[in-house]
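User: Could you take me through this structure? I would like the overall picture and then the details.

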Amino acid sequence: MKYLYYPGCSLEGSAREYDRSTRVFLTAAGAELTEIEGWTCCGASAAEATSRNLALALPARNLALAEKMGGTKEILVPCSACYLNLKAVEEKVKRDAALLDRINDILAAEGLHFAGRVRVRHLLEVIVRDIGPDLISKKTTRSLAGLSIAPYYGCQCLRPYAIFDDPEAPQSMAPIIEASGAAVHHWDMGGKCCGAAHMNTKMAVGMELVRSILSRARGADAVVTVCPMCQMNLEAYQDKISKLSGENLTVTVLYLPQLLGLALGLSEQEVGLDLNLAVTAGFKEKLRESMDTAA
Amino acid sequence: MTTKVKEEIDFSDAAGSDDLTPVREMVQACIQCGTCTGSCPNEFAMDVTPRRLWRLVLTGQREEIFQSQTFTLCSACYYCTLRCPRGLPLTEAMGALKQLAAREGLTRHRQSILFYKSFLESVRRHGRVREMEFMTLYFNAMKNPLLPLRFAALGVKLMLKGKVPLQIPSKGGGALAALFRQAAELEEVP
C-alpha cells in the first residue's frame, strides 16, 4: 500500500492532529506515504467562488506535481474539500480534452504539464477498501468496547462522485468502527451538510445546520469525521450553539484515524488527542476504562 | 489586492446580460420539478428557492438573481446535483453565479466575496493559505471592528493549542503569482 500524500493547508494548521493521526495510523496499518513535493493549495471553496480558471488550475498544479514523482500514481487526500477539488479535475479531463488543454495553458506559466494519469483517493476510501475491517480488527490491541461512535461523512467525499459509498445513505464507516471494538451510533445525519464556510460568512445558517447534527448525536460518546472543515464546524461552536438552543449539545468530536489509532495501540499523544477542541472529560474516562478492561 | 466592491449594481449594463449565457446553458434542460429545492439544506434561509433561481436564469432576470442571496447560501453539498432528474450540474451553476458576483464586486455580496478573495490572496502570496493571515486580511477588508470579536475566542483557543502561529501578514515572494496572472489573462477566453 503505497500512496502519494496530499495533506492540504488545514492539516498544517488548525487540523494538524488530522495530519498526525493519518500518518501514524496508516504507518501502523502498513501503508507507505510520500508527500507530494512542493504541493500548494487546492483552491478550497474560494477558487470555485471567484474564478473558474483558478478552480481548475490550483488543483491541477498538484496533480501535475504528483505525476512528476516516481512510482505510484495514487494520491491519498484526507480533506474532503481538497479531495473533491483534485478528484473533479481528474474526472473532468477524462471526458473533456479541450478542458485539459485549457488547464495546461494555465499551468504553462509554471512550466508544468498535466497528462491526466493520476488516481485521487479519499483517506476514507483507502481505510475502507485497501486496509479494511479485517486488518483493523486483527491489529486492534486495545478494543474500544463500551464506546458508541457516530460516523459523520459530510458531503464532498460522498457527492457528487459516488466512488466508495452510497451518497444518500453512507455506511462504509460502520464495519471499520466495529472492527475497533466500538459500537455504531445509528443516526441519519452522517451525510448531511455542516454548512462549510457558512460559519464565517453566514453564521446563523451555519449554526442551525450544526445544531441539527449535534442534537442527533445525543447518546453517542463521540462523533468521528473525515474532513477538517466538518471537524471545525462540529467541535468549535458547541458552547455557543448550546447556549442559543437552550440544550446541552456538547459531544466529543474526533478524526476517524485518531479513533482507529487508539484502537491500534497508539497513545493519546501520538494521535494528537490534546489538540482537539471538543474532547469531554467523560469521553476520556470512558476511553481509559475500555482500554484498562482490554489490557 | 483587489478587494474593491461596487457601490451599486448597474443593471443597465447590456453587455452584462451575456455573462449569464454559460449558466443558462448549464440549466437549459431544467423542468422546474423542484427536486433541488427539496434537497437543499440551506433552503430555509433563502429568499429565492433554487428552482425559482434556475427559472430566473433561463429568463435572464439578472437583477432578481443578483439581488437574491440564494447562490451565496450554496454550501456545495451536491445533494441537488446528485438528485436532479435531468442530471444538471446545479452546484457548478451556483459556483458560476458566485464567480459572476465576485468578478463584478457586487456590494450586496461583499462579505462572501471579500472572504474568498482574502483567502486566495494568502494563497497567491505563499502557495499555501496561512489561516491567521487570511483572517486578518478578511477583517481588514471588511472594515468592521466588531467582526473579529466573533472569532476571537476560537482564535485564542487555536493559538494556545499551537495550531495557528501568530503571523503578521507578509507579501511573501508571490509564490503563485505567475499562475494567478495566467489564470486571469485566460479568463477572458471563452
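This is a predicted model: local features need pLDDT of at least 70, side-chain atom pairs count only at pLDDT 80 or more; totals for chains, interfaces and linings use all residues.

Analyst: Residues are numbered from 1 along each chain as its sequence is written, while chains are lettered from A and ligands numbered from 1 in the order in which they are written.

User: What is the secondary structure of chain A?

Analyst: Chain A has 12 helices and eight strands. These are DSSP runs numbered from the N terminus, with helices being H or I of at least four residues and strands E of at least two.

User: And how does the radius of gyration of chain A relate to that of a compact globule?

Analyst: The value for chain A is 19 Å, which agrees with the figure near 19 Å for a compact globule of 295 residues. The radius is taken over C-alpha atoms, and the globule rule is 2.2 Å times the number of residues to the power 0.38. The C-alpha trace of chain A spans about 60 × 45 × 30 Å along its principal axes.

User: What percentage of chain A counts as buried?

Analyst: Of its 295 residues, 56% are buried. A residue is buried if 20 or more other C-beta atoms lie within 10 Å of its own, exposed if 12 or fewer, and partly exposed in between, with C-beta atoms placed from the backbone.

User: Which strands make up the open sheet in chain A?

Analyst: The open sheet has four strands in the order β6-β5-β7-β8 (chain A), and the pairing is parallel. Two strands pair if DSSP finds at least two bridges between them. The edge strands, each pairing on one side only, are β6 (183–184) and β8 (252–255) of chain A. Strand β7 (residues 222–225) of chain A pairs with β8(A) over four bridges, and A:Val223 has A:Val253 in β8(A) as its bridge partner.

User: Which helix lies across β5, β7 and β8 of chain A?

Analyst: Helix α11 (residues 256–263) of chain A does, running at about 85 degrees to β8(A). Axes are lines fitted to C-alpha atoms, for helices over the stretch in contact, and angles run from 0 to 180 degrees between N-to-C directions.

User: Where do α8(A) and α10(A) meet?

Analyst: A:Met207, A:Val210, A:Arg211 and A:Leu214 in α8(A) meet A:Gln238, A:Ile241, A:Leu244 and A:Ser245 in α10(A). The axes of helix α8 (residues 203–216) and helix α10 (residues 238–245) of chain A come within 10 Å and cross at roughly 85 degrees. That makes α8(A) roughly perpendicular to α10(A), a term for angles of 65 to 115 degrees.

User: Changing topic, how many residues of chain A are in contact with chain B?

Analyst: 41 residues of chain A are in contact with 42 residues of chain B; contact requires C-beta atoms, placed from the backbone, within 7 Å. α2(A) gives the most to the side of chain A that touches chain B, with five residues.

User: Lastly, which bond joins A:Arg159 and A:Pro160?

Analyst: A cis peptide bond joins them, with omega about 0 degrees. A:Pro160 is in the loop between β5 and α6 (173–179) of chain A.

User: What is phi of A:Ala196, and is the residue buried or exposed?

Analyst: Phi of A:Ala196 is near 45 degrees, a positive value in a residue other than glycine. A:Ala196 counts as buried, with 27 C-beta neighbours inside 10 Å.

Definitions and conventions
Two residues are in contact if their C-beta atoms, placed from the backbone, lie within 7 Å. Angles under 35 degrees count as roughly parallel, over 145 as roughly antiparallel, 65 to 115 as roughly perpendicular and the rest as oblique.
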